[in-house]
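Here are my notes for your review. Please read them with the model open.

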Amino acid sequence: MRIGLVLNILNEEYQISIYKSVKKKAEELGLELVCFQLENINFSSLSFASHFPAESFFNIDGILFVTSVIVDGYKINLKAEVERLWGKIPVVSIGQEVKGLPSLLIQSDASMKQLVEHLILEHGYRNFLYISGSENHHDADMREDIFKKTIEVYKPWYPELNYFVRRGWFSEHVASIALADFYAENPDAKIDAIVCASDNMAIGSYKFFQMNQNNQIKECAVTGFDDIPQSAYVIPSLTTVHQPLSEIGEKAVTTLFKLLNHEKVPKKSFVESTLIIRNSCGCKINTDEIQRDQNYLVEMQNKYIQSEQFLRLVSHFAQDINYCEDVRSFKNVIDTYVEQLGIQNFCVLSFPIIINEASPFDFHDFIINPLYIKRNGRVFYEFNGNQPMTIANFFNKYRDYDAETPDNLIFKFLNMGNSFSGLIFYDANDQLLPYLCTISISITQAIERINSFELNKRRSEFLESEINKRTRELVEANNKRMEVEGEVLRISEIERQRFSTDLHDDICQRLAGISMLCRSYSKNEEGAKKEEMEELAQLISQTLQTTRQYAHNSYPVELESLGLNKSINNLCNSFENTTGINCKYEFKIKNDADLNNVQKLNIFRIVQEALHNVAKHSKAQNACVSIVENSQNICINITDDGIGINSTRKNKAGLGLNSMQYRANQIGATFKIRPNKTGGTCVEVRI
């Protein structure tokens, strides 16, 4: 069987103590263990990271849930809320009661009360400073409540009892800052004892006094809570409340094991805490403790040397990986330091894209890229072809390389804020656990940097391809423009030739005829007769009308005087009268004055040319000219119900089609010729 342990982060003794006891008991029972460090996971928003370790990822059979991982005051009170995270697999809660789940609880009310009574009755302390834990934290709230109630119980007998409360967030550093702020705000405060909600904060209080020995701040009694291993060896040794973390870890594994084997387990199990009286409260040091302190000094010297070596190694690792700009150098640095640390199993996996809280997330298709894989001392430079795969597939393949050896793996996200870059798996000696948490930060930064380089490279390649594509388009457009301009020049030359021919063959001939008649009439001594003058006047009138028509074809003067609407209306009427084709006309523009003269002229010419093509080629009975305005554009449609335009003619456009296309381009309009659904052709122009 494989079980999961969900806790906060393995860089402080409370979490490490639970992990060590769970690991020990799991090995005794032949269970595989995967430890999930859900650092700073916001359960209130149920981010995707909160769903680890879902059964679909790791084939987890059961979960041990240390409720101190919950942040932002989110309360998991019901079994249904747990199932919403991890599905319907057995879960045992550690530290906080969850209805419907077996819950292991530490009874510490009595011990906390005994501690406060000891300080009041045995030592006569009256002025207290209480340093609480994290805001909205179940254990922190409970301990603070017991402290305050005990003070209030004894206040009738000791009216001078007084206390202040500050928040230390279960951190050495924050507790030290909280003390500095308190004494800055209350320089004359006379504190007899500082009661801390954790040993870490008590040790932080020690450090505050050591750093402020010359500031006339009087040292006082200090007590802690948890009884972590360091509490017995600090000087003076720490009076605290012993939380049986080893016992509760082992008991949690046993409970889950029974649950997996379908045995009955109690809904709630309690483990009693005990008050540990040492020296920090003011009690005297006995002979046994003096000998213990001497032995401890030797042990501490050895640990200090080892710690210095690890810290130096972590520092060198951070420096080396900071220079990595590609995956290859990244793998080399990881491999070098993993080997030096003696770690046999270590994996670095990255996400193909950066996932944030708002990203859609499919648990079954969650994809990762294997960057560095080491399994039982063997490095896999090619793991499944280094192809992206789901986290479940990866974990199964990773186990298959040595399925006979039980694993005790630790899992941690690689994230910067709410941006997740990947994750790591490893197992290591217990003393390495806090340093690996620090190393994971450097790995995260390196992956972010490599991803940034890769992203910039892809962007550059994309921009280069876009530039090349745009250059080709510009070359093609320029070639097309040159072709169109050449076609326009040819059209213009043909138009000039046609105009010249019309003038020569029509107007000139008419004028020559008029001239001949005039000379003939001038030779008549009796003068021209009435019917001869009427004939002459009719010829002059016809010539004038023809000349006007030529002038109109050259430039429609009425556009300026009548406007676009009436000019095209006249054009349609003339088209209908001369061709016999019914021509419907629709004009729905609020104000054609919004169109400039160039636009009006080109619209007129396009309609004129389109109607000319209808008359010449379509064999239509009906035509329609529509000019309509909407919120986005002006649409001009010239449609007919004729034989339509075939693809061969469309692909080999003549002078008229090229002329319309050119005029549309001149006014920034789109130009399309398409068949009507009901037959015939539609010329469409959109401005």
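Predicted model: local features only at pLDDT ≥ 70, side-chain atom pairs only at ≥ 80, totals over all residues.

## Notes on strand pairing and salt bridges

1. Strand β5 covers residues 103–107, and β4 and β5 pair in the parallel sense over two bridges.

2. Now take the other partner of β4. Strand β3, residues 62–66, pairs with β4 in the parallel sense over four bridges. Here I63 is the residue opposite V91 in β4.

3. Which way do the side chains of β4 point, and are they buried or exposed? Strand β4 spans residues 91–94. V91 and S93 point one way, while V92 and I94 point the other way. All four of these residues are buried.

4. Next, the charged pairs. Side chains of opposite charge can pair when their charged atoms come close. The count for this model comes to 19 salt bridges. The points below take up some of them.

5. Look at R143 and D226. They form a salt bridge, with the closest N and O atoms 3.8 Å apart. R143 sits in helix α5 (residues 138–154), whereas D226 is in the loop between β9 (221–223) and β10 (240–242). The pair therefore ties together parts that are 83 residues apart in sequence. Both R143 and D226 are buried. The cut-off for a salt bridge is 4 Å, and the 3.8 Å of this pair falls within it.

6. Helix α5 holds another pair. D145 forms a salt bridge with K149, and their closest N and O atoms are 3.2 Å apart. How far apart are D145 and K149 along the helix? They are four residues apart in α5, so about one helical turn separates them.

7. Is E684 buried or exposed? E684 counts as buried because its relative accessibility is 9%, and the cut-off for buried is under 20%. R686 is partly exposed, with a relative accessible area of 31%. The two partners thus fall in separate classes: E684 is buried, and R686 is partly exposed.

8. Last, a network. Which residues are linked in it by salt bridges? They are R2, E32 and R399. Please view these three residues together.

Terms used:
Residues numbered from 1 in each chain as written. Heavy atoms only, no water. Buried < 20%, exposed > 50% of the residue type's maximum accessible area, 1.4 Å probe, protein only. Pairing = 2+ DSSP bridges. Salt bridge = Lys/Arg side-chain N within 4 Å of Asp/Glu carboxyl O.
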